[in-house]
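Let's take a walk through this structure together. Have the sequence and the 3D view ready as you read.

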Amino acid sequence: MTALSLRVGAVSWRVRLRGVAVSLLGLVLIVLLMAMNMRIGEIRMTLPEVISGTFDVNSAAHFVIMELRLPRALTGALVGAALALSGAIIQSIARNPLASPEILGVTTGASVTVVAGVVASGSAYGGASGLLATAGIPALALLGGLVGAAVVYGLAWRRGLDGYRLVLVGIGVAAVFTNIKFWLLTVGDVNDTGRAMVWISGSLNGRGWEHVLPTALALAVLVPLTLLGTRSLDALRFGDDTVTALGVRTNVSRALMILAAVLLAAVATASAGPIAFVALASPQIALRLTRSAQPPLLCSAVVGAVLTTAADLIARTAFSPLELPVGIVTAVLGAPYLIHLIWRSRK
Amino acid sequence: MRLQAAGVKLGYGERLVVDGLDLGIEAGTVTTIIGPNGCGKSTLLRALGRLLKPQGGEVLLDGKRIDKIPTREVAKILGVLPQAPSAPEGLTVADLVARGRHPHQTWYRQWSSDDEGAVAAALDMTGLADLAERPLDELSGGQRQRAWISMALAQGTDLLLLDEPTTFLDLAHQVEVLELVRHLHQEAGRTVVMVLHDLNLAARYADRLVAMRAGRVVAAGTPHEVLTEDLLGEVFELDAKVIEDPVAGTPLVVPIRPRSHPTQPRA
């Protein structure tokens with residue numbers, strides 16, 4: 001693999017050119033896909049109108065773009081990046097390409113609390129919908145995600161953390177949470193459960209700056225921290241004895257990286273609901289594009305943003321004027337991919 | 001004394017494998033631990049390399065308790081090659097060996113010229129320079145084992161612990177790996193502790209042998225002192241003849257029959 005060594009004084013980095021190229025290309029794609037997305041809405045715009053509307057403060061479209069369309073597109077890209085980064089971390093730690101935040105109990109835990117919240121608020125829902133939708137649901141999702149992860153982590157811990165055990169416990173807990181969620185949906189009022197269903201399929205509809213800011217803030221803090229842990233993460237791909245022999249505090253590093261992954265997934269889920277498969281597929285796509293042995297973190301995040309933005313574009317145009325939740329599209333596209341992965345790992 | 005176990009109790013969970021064992025490793029020696037399956041030799045090696053925390057007693061590295069030294073500092077002094085190590089799929093030899101530089105790197109110092117030099121030197125020493133860009137899974141067992149030893153070498157430690165570095169290798173490759181170990185010891189004065197199953201190779205390549213049985217050290221000393229017919233009976237329950245290795249002059253074990261089975265071998 002072509003790598004460039006950058007050395008200035010005591011500072012030295014190794015930059016993989018393929019990774020840089022893939023990331024740059026991905027960033028261009030994200031901007032392009034976001035612009036395509038911003039054409040869609042009550043008033044359809046052309047691409048030039050979107051561009052002039054974004055930068056020309058006096059244009060008629062400026063308000064619509066800045067207040068409605070840009071935050072929605074940004075939420076999609078940021079949520080996709082956060083989910084993918086979370087998936088890359090978890091796949092590295094579990095040493096398993098089938099691992100994802102669903103396995104850590106984050107997304108399923110969030111679904112349970114959100115559905116429970118919507119169902120429980122029941123009759124008061126009509127009055128409280130505004131507040132519940134903007135602040136209550138993300139908060140419930142964040143709480144549920146963190147509790148779900150704590151349950152999985154607690155059950156998987158046995159004098160240290162084994163990646164395989166984590167995956168198995170995670171699958172079991174996810175099944176339990178999913179069934180609790182279905183049970184709640186059956187006891188709830190039809191109108192409430194209908195709303196809850198949209199959320200649990202993962203949707204970017206109506207997302208505004210109040211969704212962009214927390215996600216952006218979380219990424220701004222967690223991405224640098226995660227990148228600092230890249231070397232430990234690379235080492236954690238090896239067997240535990242090798243990792244410890246290399247001077248890594250195995251359990252501490254692993255716990256910190258899992259915490260970062262949980263927070264990323266929980267924040268993303270709080271903003272847009274559990275968008276399926278982005279966390280699973282993005283790291284594996286990035287890995288193949290960069291031809292590296294482990295999921296590259298930054299590239300995975302870029303791929304995740306591209307996938308989510310592209311899926312949202314499909315969700316809004318495929319059956320236009322009907323708009324699907326983005327999570328439906330990622331699930332439809334992701335399912336064959338998951339089968340492909342399982343098929344490959346069988347061989 | 002570079003490395004010392006003092007009254008260590010070792011085990012997994014409730015089960016103690018080693019109950020109060022003392023052992024000292026002197027600087028610049030090659031020590032080989034031998035013993036029957038399940039005698040605790042790998043467990044002991046893992047404890048010496050701080051991969052397993054003793055439930056009692058202590059392990060001292062250069063006179064200091066190894067668990068009191070930051071693990072990263074230990075990794076600059078002591079390299080461990082675990083038994084049957086596993087690497088991510090698709091990893092190249094160069095990437096594997098580069099991983100050995102981990103304890104010397106920080107987030108801003110990820111690939112210094114020291115790192116590059118150490119990796120190149122380690123690849124050269126193990127004769128893998130030409131295979132550097134090949135994925136590890138495409139190599140033969142002997143080449144792969146040399147790649148792992150390369151990684152431990154790139155770590156730049158003068159103390160090396162090798163857990164069964166010759167498992168799964170044919171005889172020629174076993175000798176190849178042990179010649180490399182001897183070279184590391186003679187050229188660079190490294191202190192090596194390893195676990196081996198083949199007694200004759202152990203005798204040939206070690207300065208000191210440590211024979212273990214049921215979690216205890218039964219005998220320790222030069223190969224001539226340790227590899228006696230009496231000891232083979234006691235430690236391995238094996239009737240054997242010990243003659244002189246016509247090539248190296250070290251003891252050579254010719255097995256006759258296991259003691260537990262009364263059947264006579266054919267004449």
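Two residues are in contact here if their C-beta atoms, placed from the backbone, lie within 7 Å. Helices (H or I, at least four residues) and strands (E, at least two) are DSSP runs, numbered from the N terminus. This is a predicted model, where local features need pLDDT of at least 70, side-chain atom pairs count only at pLDDT 80 or more, and totals for chains, interfaces and linings use all residues. Residues are numbered from 1 along each chain as its sequence is written, while chains are lettered from A and ligands numbered from 1 in the order in which they are written.

Start with a helix pair in chain A: H1 (residues 17-37) packs against H13 (residues 297-317) at an angle of about 25°, with the axes 9 Å apart. That makes H1(A) roughly parallel to H13(A) (angles under 35 degrees count as such). Among the residues that meet are Gly19(A), Gly26(A) and Leu33(A) from H1(A), and Val302(A), Ala310(A) and Leu313(A) from H13(A).

Now find helix H3 of chain A, residues 61-94. Of its 34 residues, 27 are buried, so H3(A) is largely enclosed by the rest of the structure; buried means that 20 or more other C-beta atoms lie within 10 Å of a residue's own. Just after H3(A) comes Arg95(A), with a positive phi of about 50°.

Over in chain B, Arg50(B) also has a positive phi, about 50°, although it is not a glycine. Look for Arg50(B) in the loop between helix H1 (41-48) and strand E4 (56-61) of chain B. Arg50(B) counts as buried because it has 23 C-beta neighbours inside 10 Å.

Technical notes. Expected span 1.5 Å × (residues − 1). Buried ≥ 20, exposed ≤ 12 C-beta atoms within 10 Å, placed from the backbone. Axes fitted to C-alpha atoms, helices over the stretch in contact; angles between N-to-C directions. Parallel < 35°, antiparallel > 145°, perpendicular 65-115°, else oblique.
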